[in-house]
Amino acid sequence: QVQLVESGGGLVQAGGSLRLSCAASGSFSSIASMGWYRQAAGKQRDFVATITEGGTTNYANSVKGRFTISRDNAKNTVYLQMNSLKPEDTAVYYCNADGVRYYSRTYLYWGQGTQVTVSS
């Protein structure tokens, strides 16, 4: 069993910044990919960014140039630095760990979510 604990959400004015963190703990040998998704009220959960164990990143077009994802493999932690925030970035942000290896099998896990609210 793996737990993903997120932190760093909150309320910020448009143009401001926030940094989200997500730490994975439990029994596993590696995590292939970690990332962030978000879900605004009344909408589906959307992809934001992912980063592989080797450092390859991928971003949604809506956040390119504003958000930066990074990862500390030694701490099993992924970060999302969010700059130039816009009201449309308001959502619950979910951490994701995919390809979590435990012996010969891999698993997908989600965090509990952290609220990000951007006021205009």
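## Overall dimensions

A compact globule of 120 residues would have a radius of gyration near 14 Å, and the protein has 14 Å, which agrees. This value, like the others in this report, comes from a predicted model. Along its principal axes, the C-alpha trace spans about 50 × 25 × 20 Å.

Of the 120 residues, 41% count as buried. Contacts across the sequence may also be considered: among those between residues at least 6 apart, 53% join residues at least 24 apart.

## Secondary structure

The protein has eleven strands and zero helices. Read from the N terminus on, the elements therefore run β-β-β-β-β-β-β-β-β-β-β.

Strands of a sheet pair through backbone hydrogen bonds, and the pairing may be parallel or antiparallel. In this protein, four strands form an open sheet in the order 1-3-8-7, with antiparallel pairing. Strand 1 (2–7) and strand 7 (67–72) are the edge strands, each of which pairs on one side only. From one strand to the next, the twist averages 15°.

The sheet can be followed strand by strand. Strand 1 pairs with strand 3 (residues 18–26) in the antiparallel sense over six bridges. Within this sheet, Val5 stands opposite Ala23 of strand 3. Strand 3 is in turn joined to strand 8 by six bridges, and these two strands run antiparallel. Here Ala23 has Thr77 of strand 8 as its bridge partner.

Arg71 stands opposite Val78 in strand 8. Strand 7 and strand 8 form a hairpin with four residues between them. In the turn of this hairpin, Asn76 has a positive phi of about 50°. Strand 8 (residues 77–82) is largely enclosed by the rest of the structure, because five of its six residues are buried.

## The disulfide

A disulfide is a covalent bond between the sulfur atoms of two cysteines. The structure holds one disulfide, which joins Cys22 to Cys95 with an S to S distance of 2.0 Å. Cys22 lies in strand 3 and Cys95 in strand 9 (residues 91–102), so the pair ties together parts that are 73 residues apart in sequence. The angle about the S-S bond is -80°, and the link of Cys22 and Cys95 is left-handed.

Are these two cysteines buried or exposed? Cys22 has a relative accessible area of 0% and is buried. Cys95 is likewise buried, with a relative accessible area of 0%. Both values fall under the 20% limit for a buried residue.

## Arginine 66

Arg66 is placed in the loop between strand 6 (57–59) and strand 7. Its relative accessible area is 10%, so Arg66 counts as buried. A polar atom of the Arg66 side chain lies 2.9 Å from the backbone oxygen of Ser62.

Which residues does Arg66 touch, not counting residues up to four places away in sequence? They are Gln81, Met82, Asn83, Ser84, Leu85, Lys86 and Asp89.

How values were computed:
Residues are numbered from 1 along each chain as its sequence is written. This is a predicted model: local features need pLDDT of at least 70, side-chain atom pairs count only at pLDDT 80 or more; totals for chains, interfaces and linings use all residues. Side-chain values use heavy atoms; hydrogens and water are left out. Two strands pair if DSSP finds at least two bridges between them. Axes are lines fitted to C-alpha atoms, for helices over the stretch in contact, and angles run from 0 to 180 degrees between N-to-C directions. Buried means under 20% relative accessible area, exposed over 50%, partly exposed in between (1.4 Å probe, protein chains only). A disulfide is a pair of cysteine sulfur atoms within 2.5 Å. A polar contact is a pair of N or O atoms within 3.5 Å; within protein, one must be able to donate a hydrogen and the other to accept it, and residues adjacent in sequence count only if both atoms are side-chain atoms. Contact means heavy atoms within 4.5 Å. The radius of gyration is taken over C-alpha atoms; the globule rule is 2.2 Å times the number of residues to the power 0.38.
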